[in-house]
Amino acid sequence: YNLALAHRIAYKVLKSRHKHLKIAPALQINNVVPARKNNVIDKMMVFAEQYFYWWFMDRARHYDFVGMNHYFTDVRKGFSLLGLQPEPHNDMGFYMDPSGIEFAIRKSHKKLKKPILITENGVADRDDQYRLWWITETIHALANARRSGVDVIGYVHWSLLDNFEWQFGWMQKFGLVSVDRTTMKRSVKQSAKSWANWLNQK
């Protein structure tokens with residue numbers, strides 16, 4: 001509640017000085033699905049997880065768009081607080097389902113009626129095996145959502161460089177560019193080169 005209140009106050013202060021700014025909180029919003037479509041408990045757990053997103057955004061209230069961080073689909077079964085993680089997994093053990101972003105933004109659009117900016121989206125992929133597939137499928141999912149009427153105003157990939165990933169340190173590799181932690185040399189990964197070629201053809 002206090003965090004939502006802080007967002008509301010910050011919004012008013014910034015808008016009073018710079019009316020042209022577009023301002024919003026960025027929230028981690030997963031795609032959440034029941035493991036068993038018609039199971040009441042599974043559906044209740046899905047509702048419980050999603051309730052926080054909408055509760056928070058309702059209380060933040062003042063924002064010009066929805067900032068969405070999205071990394072995985074959470075499959076809920078029974079009363080477990082931890083979602084199931086089917087195959088395939090990324091290097092953090094998350095279920096890789098890039099198309100799940102489409103369903104997450106559709107739900108957000110339906111609930112919040114605001115433009116959506118993808119502020120973070122990526123995959124921990126040490127061997128750069130899945131990244132191009134992940135990006136390509138994500139862009140297709142965003143295009144599908146836009147065709148259905150969702151106002152997707154932008155996409156920011158996480159991340160440009162391999163980063164320090166909280167409690168995991170340097171182990172997880174999210175970057176389009178690898179970083180040698182001894183020499184600090186940067187090397188553009190093949191997935192980034194292939195994505196750049198794909199973009200240049202559009």
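1. Ile116 stands opposite Val152 in strand S6. The strand that runs parallel to S6 here is S5 (residues 116-121), and 3 bridges join the two. Two strands count as paired if DSSP finds at least two bridges between them. Strands (E, at least two residues) and helices (H or I, at least four) are DSSP runs, numbered from the N terminus.

2. The model is predicted: local features need pLDDT of at least 70, side-chain atom pairs count only at pLDDT 80 or more, and totals for chains, interfaces and linings use all residues. Residues are numbered from 1 along each chain as its sequence is written, and side-chain values use heavy atoms, leaving out hydrogens and water.

3. The sheet is open and has 4 strands in the order S1-S3-S5-S6, with parallel pairing. Its edge strands, S1 (26-28) and S6 (152-155), each pair on one side only. From one strand to the next the twist averages 30°.

4. Helix H2 (residues 40-60) lies across S1 and S3 (66-70), at about 165° to S1. Helix H3 (residues 100-112) packs on the sheet and touches S3, S5 and S6, and its direction makes about 155° with that of S3. Contact means heavy atoms within 4.5 Å. Axes are lines fitted to C-alpha atoms, for helices over the stretch in contact, and angles run from 0 to 180 degrees between N-to-C directions.

5. The 13 residues of H3 reach 18 Å from first C-alpha to last, close to the 18 Å expected at 1.5 Å a residue; the expected span is 1.5 Å times one less than the number of residues. Lys113 follows H3 and has a positive phi, near 55°.
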